[in-house]
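Subject: Structure handover

Hello,

Here is the structure I promised to pass on. Please look it over first; my notes come after it.

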Amino acid sequence: MVFAKRLGIPLKTIRTNPGGQLDPSEILGRDELIQRIWNVLEGRCVYMNDLRRIGKTQIMVKMKAEPAPGWVCVKRDLGRFHSAEEFARSAFEDSAEVLTGGKTVMRKMADLLGQAGGLEISGVIKLPDGSPAPWKEVLQRTFQDISESVAKTNQRMLFLWDEVPFLIDNIAKRQGEQVAMEVLDAIRSFTQDFDKIRVLLTGSIGLHHVLKSLQQKGYMGSPLNRMELVRPGPLDPNDAIGLASYLLQGESIRTDDHQACTQFIASSVGNVPFYIHKLISRLPKSETYSVQRLGQILDSELADLNNDWDLEHYRVRLGEYYREDEPLALAILDAVAVQSKMNFDRVRSAVANQMTVGEEKLRTVLKLLCKDHYLEHSHDGLYQYYIAVIARWWRISRDLKELE
Ligand SMILES: Nc1ncnc2c1ncn2[C@@H]1O[C@H](COP(=O)(O)OP(=O)(O)O)[C@@H](O)[C@H]1O
Ligand SMILES: [Mg+2]
């Protein structure tokens, strides 16, 4: 059983659920980060960008379950929309659902939609004459209506919009880059115009990849540059160890040393909660586990070509994102995977063994690998993998030996 933390009863056990939607009481840690986000939202919008599976969506779930006083929240995964019209419709309908008075308080929208109230056909709101309601107009009127409505109750509205880069990419593919650019601009300008409304956006792929092609087509704006950029990262080590402990207990898994095993599980997967859930979900109940045995199981999971740890895309997407620089990205990632921490000179000489490359090009690609959260560049100038388990998988999948 899971007990709600807010009832003051400590969590004792949690069942594994890698990649599933968790009950808010099962979402561990993140409290400081969430508090920081609420503080930032007082003044501006937030863009939360990090690797997929790091835990962004669960942060939103927790924020929506326990909003800061005075906030009304709507959460929506935008990645499944493919047009600006679907996006605008969801903003309108989701808001109507949470505002006191529902659609009746959305007067500007009612004026637009007339008597029929915006008959909806295949995901698009229609005007009285049967034509599709212009998405920008829907969005603007929705924002106006929200603003007026929440002002009356002295509240504010927060849109928790998950996976914005996928929305932008989807729209670019279906409706063209121009429309994609306009959607980004609309989000930026409406959130600036309406002080009662904030957005918290997330992205698992860098918007810079989506924007790169948009920029080549002449888009000059940087839509998110007024937003606070937040990278949640893995859990704090103590929360990760706590999660491992609750999960081991929830799954009734025996160890020869509970503390050593929970510490190993957390650190070997870089304190990422998804991988903690994943590893523990793979442990047969028949055994009693030692740290060494856990390491073997982790490695055999990572070596399994049919594994569902969702790691293969770190290799596959290099082709799409780095194009002609893919071989260079691979050479860098191979080098850092075996040496763990390297300064620029050592990266350069390791890469020079594989290929000839100009220094500026090397710097550019290294920077991009950091921006895409493969690597981290520490303040003392060392490069290493951002997430330990990705380095571990990279070595296994590419038959590389870690150097001492
Ligand atoms: N704070 C947390 N506590 C416990 N488990 C978590 C937490 N955050 C994420 N998880 C686990 O990781 C999985 C992926 O998290 P999710 O929020 O969907 O990642 P993202 O949105 O960044 O791709 C969840 O389904 C859950 O199993
Ligand atoms: Mg998510």
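Below is what I found, from the whole chain down to single residues.

This is a predicted model: local features need pLDDT of at least 70, side-chain atom pairs count only at pLDDT 80 or more, and totals for chains, interfaces and linings use all residues. Residues are numbered from 1 along each chain as its sequence is written, while chains are lettered from A and ligands numbered from 1 in the order in which they are written.

Overall layout

The chain holds 17 helices and eleven strands. Both are DSSP runs numbered from the N terminus: helices are H or I with at least four residues, strands are E with at least two. Along the principal axes, the C-alpha atoms fill a box of roughly 70 × 55 × 35 Å.

Buried residues make up 40% of the 404. Buried means 20 or more other C-beta atoms within 10 Å of the residue's own; exposed means 12 or fewer; partly exposed is in between; C-beta atoms are placed from the backbone. Of the contacts with a separation of 6 or more, 72% join residues 24 or more positions apart. A contact requires C-beta atoms, placed from the backbone, within 7 Å.

Domains

There are three stretches: domain 1 (30-230), domain 2 (238-303) and domain 3 (312-397). The bounds come from an automatic or database domain assignment. The centres of domain 1 and domain 3, over C-alpha atoms, are 34 Å apart. Five residues from domain 1 and five residues from domain 3 make the contact.

Helix α3

Helix α3 (residues 84-98) has 15 residues and reaches 22 Å from first C-alpha to last, close to the 21 Å expected. The expected span is 1.5 Å times one less than the number of residues. Eleven of the 15 residues are buried. Among them are Ala-84, Phe-87, Phe-92 and Ala-96. The buried residues pack against several elements, including β2 (71-77), α5 (135-152) and α7 (177-193).

Phe-87 lies in this helix. Phe-87 counts as buried because 25 other C-beta atoms lie within 10 Å. Leaving out residues up to four places away in sequence, Phe-87 touches Leu-78, Phe-81, Trp-135, Leu-167 and Val-183.

Nonpolar core

The largest nonpolar core has 113 residues. Such a core is a set of buried Ala, Val, Leu, Ile, Met, Phe, Trp, Tyr and Cys residues joined through C-beta atoms within 7 Å. Leu-200, Ala-244, Ile-265, Ile-276, Ile-332 and Val-336 touch the most other members. Helix α14 gives the largest share of this core, eight residues. Leu-200 touches residues including Ile-37, Leu-41, Met-60 and Leu-160.

Two positive phi angles

Asn-271 is not a glycine, yet its phi is positive, about 60°. Asn-271 sits in the loop between α10 (258-268) and α11 (273-281). Asn-271 is buried, with 25 other C-beta atoms within 10 Å.

Arg-323 is not a glycine either, and has a positive phi of about 45°. Its loop runs between α13 (312-322) and α14 (326-339). Arg-323 is exposed, with 9 other C-beta atoms within 10 Å.

Best wishes

Definitions and conventions:
Contact = placed C-beta atoms within 7 Å.
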